[in-house]
Amino acid sequence: MEKTPVPKGTIFCQDYAAGVSVLSPVLANVPVEGRSRPLQLGPQPRIGRDDFRFSGGRAVALVRWPAAEAAGGLRGPGVGSGLSGERGMLGQEAGADTEAAELLPFLAPGARADLQAAAAQHVLALTGSGPGRTLLAGQAALLRALGELAVAPAPAPSRDASRALVNLAADPGLHRQLLAADPELPVRLLSCVLDPQWPWAEEVAAVLANLTRELAPCAALMEKLMAAEPARPGLEQLVNALCMPSYNAAAPLHYLGPLLSNLSQQAEVRAFLLDPDRCVVQRLLPLTQYPDSSVRRGGVVGTLRNCCFEHRHHTWLLGPQVDILPFLLLPLAGPEEFSEEEMDRLPVDLQYLSPDKQREPDADIRKMLIEAIMLLTATAPGRQQIRDQGAYLILRELYNWEPEADVRIACEKLIQVLIGDEPEAGMENLLEVQVPEDVERQLQHLDQQEQLELARELRGKDT
């Protein structure tokens, strides 16, 4: 009989059963530098509280770059008759397809460098708006040329082409057209990401992070990674690049975090990450406190959360070979003092923290950390080990401090698991509990009410 995961409203929420977390989209409305007539620019690239959200079991990280839309329309730099800036917005209904098609010769290999750069900038500007992206999605030849330009060596405008692909790939509705026009695009981009000399590897990683939100391109990229030379699989190279900040001197490669999180949707990738002989998870754990990028940090936490769905590995994850719990709890811990008796219950890394200890500043990363611990409580031995290591003490103080309602609710549910009675015999594994359909419907109704109340509370804060 097929087992029904526990729905939200009991111990685990429906979201846990809906699928593993998917970080992205990386929506990049990117400025273009060095324009003779610059587009309207916004702030620098950022990722903040409002840029993460959870939807249908997916952790979605939205990264915004400055807007590439001028208030009066999208205008090119005005170099040549085919790209006249005086034409105004290319997205006008009359002749829009013809206007877009006129860009194609300027994007082709061998085109004059200044015209090629101008055409790439113009396409990038178009991707800053929904109508512009829709217009480009209907131009298969142009999309194919854009993909080829993104991996072309200098002096080709590879950066602008890559950033345009970031914006196009941020719209899941355009993935089919993008991949139909260029089926080998993910494979070519992967080669650039893993090239330590490629200067625009960060943008290319963002494109792949967007594309791998969907299962089909994610599975295709996973197959390519796993099919690499057996001595050094592509997935291992990707993990090496993520764990080595100096891998590419020209690109920080923060978006490899969301990319790896998306790839860990696949059971084969989770099997690779959880292979005890490879020690991959152990290399990722220190990045839960990576100070320079919440994108990288959030991607790693999302990856670890996905790995925690594999309950067969919980004993290994919680055991001395990995010891994952302190790495999940430490970002949630603050400067609070505990009694000597309580302190002795905590792992050594959580004892006597400094008075200026700060919690993870991003609320949604805090929520993913809580959810990862929640998944580790799926089995009776896991629950007991987490209790024995004093997790309740850290979560109690987090609950009292937590300013965000949705994170506080997640924390409260985890505390209830830790301090509540053990399930009845036959229900010890909470990820395999069967729930009657009528009970599931009731719990889903309660869950919807809870989400509505939370939304009202959040709206009240905004006003």
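Trainee: What kind of peptide bond joins Ala 154 and Pro 155?

Mentor: A cis one, with omega at about 10°. Most peptide bonds are trans, and most residues other than glycine have a negative phi.

Trainee: Before we go on, where does the model come from?

Mentor: This is a predicted model, where local features need pLDDT of at least 70 and side-chain atom pairs count only at pLDDT 80 or more, while totals for chains, interfaces and linings use all residues. Residues are numbered from 1 along each chain as its sequence is written, and side-chain values use heavy atoms, with hydrogens and water left out.

Trainee: How many helices and strands does the protein chain have?

Mentor: Its secondary structure comes to 24 helices and two strands. Of the 463 residues in the protein chain, 55% are buried. Buried means under 20% relative accessible area, exposed means over 50%, and partly exposed is in between, using a 1.4 Å probe and protein chains only.

Trainee: You mentioned phi. Which residues other than glycine have a positive one?

Mentor: Cys 279 is one of them, with phi near 60°, and Tyr 352 has phi near 50°. Cys 279 is in the loop between α14 and α15 (280-284), whereas Tyr 352 is in the loop between α19 (340-345) and α20.

Trainee: Are those two buried or exposed?

Mentor: Cys 279 counts as partly exposed because its relative accessible area is 37%. Tyr 352 has 53%, so it counts as exposed.

Trainee: New topic. Which residues in the largest nonpolar core touch the most other members?

Mentor: That core has 116 residues, and Leu 256, Leu 263, Ile 324 and Leu 395 touch the most other members. Helix α20 (residues 363-376) gives the most to this core, with ten residues. A nonpolar core is a set of buried Ala, Val, Leu, Ile, Met, Phe, Trp, Tyr and Cys residues joined through side-chain atoms within 4.5 Å. In soluble globular proteins, nonpolar side chains tend to be buried together.

Trainee: What is Ile 324 in contact with?

Mentor: Leaving aside neighbours within four places in sequence, Ile 324 contacts Leu 285, Leu 304, Cys 308, Leu 317, Leu 318 and Leu 376. Contact means heavy atoms within 4.5 Å.

Trainee: And Leu 256 and Leu 263, what do they meet?

Mentor: Both are in α13, where they join Gly 257, Leu 259 and Leu 260 in meeting Leu 235, Leu 238, Val 239, Ala 241 and Leu 242 of α12. By class, that contact has nine nonpolar, one polar and no charged residues. Here Ala, Val, Leu, Ile, Met, Phe, Trp, Tyr, Cys and Pro count as nonpolar, Asp, Glu, Lys and Arg as charged, and the others, Gly among them, as polar.

Trainee: What about Ser 264, where is that?

Mentor: Ser 264 is in the loop between α13 and α14 (267-273). Its relative accessibility is 0%, so Ser 264 is buried.

Trainee: What does the side chain of Ser 264 reach?

Mentor: The backbone oxygen of Ser 261, at 2.6 Å, and the side chain of Asn 306, in a polar contact of 2.6 Å. A polar contact is a pair of N or O atoms within 3.5 Å; within protein, one must be able to donate a hydrogen and the other to accept it, and residues adjacent in sequence count only if both atoms are side-chain atoms.

Trainee: Last one: what does Leu 168 touch?

Mentor: Not counting residues up to four places away in sequence, Leu 168 touches Thr 127, Arg 133, Leu 136, Leu 143, Leu 146, Leu 174 and Leu 178. Leu 168 lies in helix α7 (residues 158-169) and is buried because its relative accessible area is 2%. Leu 168 and Leu 136 are 32 residues apart in sequence and 8.6 Å apart in space, C-alpha to C-alpha.

Technical notes
Helix = DSSP H or I, 4+ residues; strand = E, 2+ residues; numbered from the N terminus.
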